[in-house]
Structure formats: structure tokens, C-alpha cells
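This report is for a reader who is meeting the structure for the first time. Please look through the sequence and the model before reading on.

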Amino acid sequence: MLDDFGTLTVRANTAGGALPVPGVVVRIFGAEEDNRFITYSLLTDEDGITEKITLPSPLKNLSLKPGAAESPYSIYNIEVSAPGYFNKIINSVSIFSGIDSVLPITMIPVSQTDIIDYPRNNLSATVTQNENLE
């Protein structure tokens with residue numbers, strides 16, 4: 001049962017963490033039976049950071065008992081997308097009660113070669129012999 005709450009903040013960056021990515025759409029989906037109807041949608045700010053979102057989680061005392069029958073955390077799947085970057089899906093993000101979690105995401109830019117089709121019909125595969133090289 002999800003009777004408590006933890007928080008999640010997403011930080012989107014690129015260039016090995018050197019540059020923030022603003023305007024990233026972050027979608028959060030519950031990945032378990034108890035939270036499957038939970039969905040959120042957020043945007044990163046100019047610093048590449050979402051607002052802190054509160055997500056349901058099991059009670060904290062479950063994480064203090066070894067071998068507890070119930071899981072001490074809730075699981076969420078995260079999808080991120082932004083124009084000019086590849087979409088990403090991060091599965092099985094754990095949220096613990098009372099814990100402020102931060103999920104860093106490195107966005108990978110889409111290169112120009114990924115979106116341009118080269119004209120194949122105007123390339124010549126015929127190589128003529130150079131008589132001057134004999």
C-alpha cells in the first residue's frame with residue numbers, strides 16, 4: 001500500500017553534464033499495481049530542472065525491517081523528450097518514503113546525419129584509370 005510519499009526532481013543536461021536542457025517534457029508513470037493510474041507531466045526550466053514532485057510510496061518502516069513481505073519503495077517509469085534530442089525511457093525508478101530523489105538524465109542530441117537522406121542517384125561508382133600513373 002502506498003500510504004506515504006517521496007519526492008522526485010529530474011535534471012536534464014547534455015555535453016557530459018556541462019549544459020542544461022530547458023523545455024524537456026518529463027512524463028512519470030506508475031509501474032506497479034498500486035500506482036498504475038498515477039501519471040504526471042512536467043517541463044524542465046531554463047536550468048534543466050523540473051519542479052520537485054511528490055509521489056506515493058510505501059511507509060518508511062517497511063525499509064527498516066529485513067525480509068519484509070512488501071517492497072519498501074514504489075516503482076515509476078520516466079519518459080523524457082525534447083526537440084533536437086533522442087527520446088529516453090528510464091524504467092524502474094525507485095521512490096522511498098521521505099527521500100528527496102534526484103534523477104540526472106543526459107540528453108543525446110540528434111545529429112544532422114540522423115535526419116538527412118543523402119541523394120544516392122547522383123553518385124558515380126565508376127572509377128576511370130589514370131594513364132599518367134603507369
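The text below goes through the sheet, the core, some single residues and the salt bridges.

**Basis**

This is a predicted model, in which local features need pLDDT of at least 70, side-chain atom pairs count only at pLDDT 80 or more, and totals for chains, interfaces and linings use all residues. Residues are numbered from 1 along each chain as its sequence is written, and side-chain values use heavy atoms, with hydrogens and water left out.

**The sheet**

Strands here are DSSP runs of E with at least two residues, numbered from the N terminus. Two strands pair if DSSP finds at least two bridges between them. Four strands make up an open sheet with antiparallel pairing, in the order β4-β3-β6-β7. Its edge strands, β4 and β7, each pair on one side only. From one strand to the next the twist averages 25°; for such angles, axes are lines fitted to C-alpha atoms, and the values run from 0 to 180 degrees between N-to-C directions.

Strand β3 is paired with β4 over five bridges, in the antiparallel sense. Strand β3 also pairs with β6 (residues 73-81), again antiparallel, over six bridges. V26 has a partner in each of these neighbours: L42 is its bridge partner in β4, and V80 stands opposite V26 in β6. Further on, β6 and β7 run antiparallel and are joined by seven bridges. One of the residue pairs there is Y73 with F96, the latter in β7.

**The core**

A nonpolar core is a set of buried Ala, Val, Leu, Ile, Met, Phe, Trp, Tyr and Cys residues joined through side-chain atoms within 4.5 Å. The largest one has 20 residues, and those with the most contacts inside it are L8, V24, V26, I28, I78 and M107. Two or more residues of this core come from each of β1 (4-14), β3, β5, β6, β7 (88-96) and β8. In soluble globular proteins, nonpolar side chains tend to be buried together.

Contact means heavy atoms within 4.5 Å. Not counting residues up to four places away in sequence, L8 touches I28, E51, K52, I53, L55, I78, I95, S101 and L103.

S57 belongs to strand β5 and is buried, at a relative accessible area of 0%. Beyond four places in sequence, the residues touched by S57 include M1, F5, S74 and F96.

Is N35 buried or exposed? N35 is buried, with a relative accessible area of 0%, and is found in the loop between β3 and β4. The side chain of N35 reaches the backbone nitrogen of A31 at 3.1 Å. Leaving aside neighbours within four places in sequence, N35 is in contact with L2, G30, S74, I75 and Y76.

E46 lies in the loop between β4 (39-43) and β5 (53-57) and is exposed, with a relative accessible area of 60%. Residues up to four places away in sequence aside, E46 touches P20 and P22. The C-alpha atoms of E46 and V24 are separated by 9.8 Å, the two residues being 22 apart along the chain.

**Salt bridges**

How many salt bridges does the structure hold? There are two, where a salt bridge is a side-chain nitrogen of Lys or Arg within 4 Å of a carboxyl oxygen of Asp or Glu. Side chains of opposite charge can pair when their charged atoms come close.

| Salt bridge | N to O distance |
|---|---|
| E33 and R36 | 1.9 Å |
| D100 and K52 | 3.6 Å |

D100 lies in strand β8 (residues 100-106) and K52 in the loop between β4 and β5, so this pair ties together parts that are 48 residues apart in sequence. D100 is exposed, at 52% relative accessibility, and K52 is partly exposed, at 49%. In the other pair, E33 is exposed, with a relative accessible area of 60%, while R36 is partly exposed, at 41%.

Terms used. Buried means under 20% relative accessible area, exposed over 50%, partly exposed in between (1.4 Å probe, protein chains only). A polar contact is a pair of N or O atoms within 3.5 Å; within protein, one must be able to donate a hydrogen and the other to accept it, and residues adjacent in sequence count only if both atoms are side-chain atoms.
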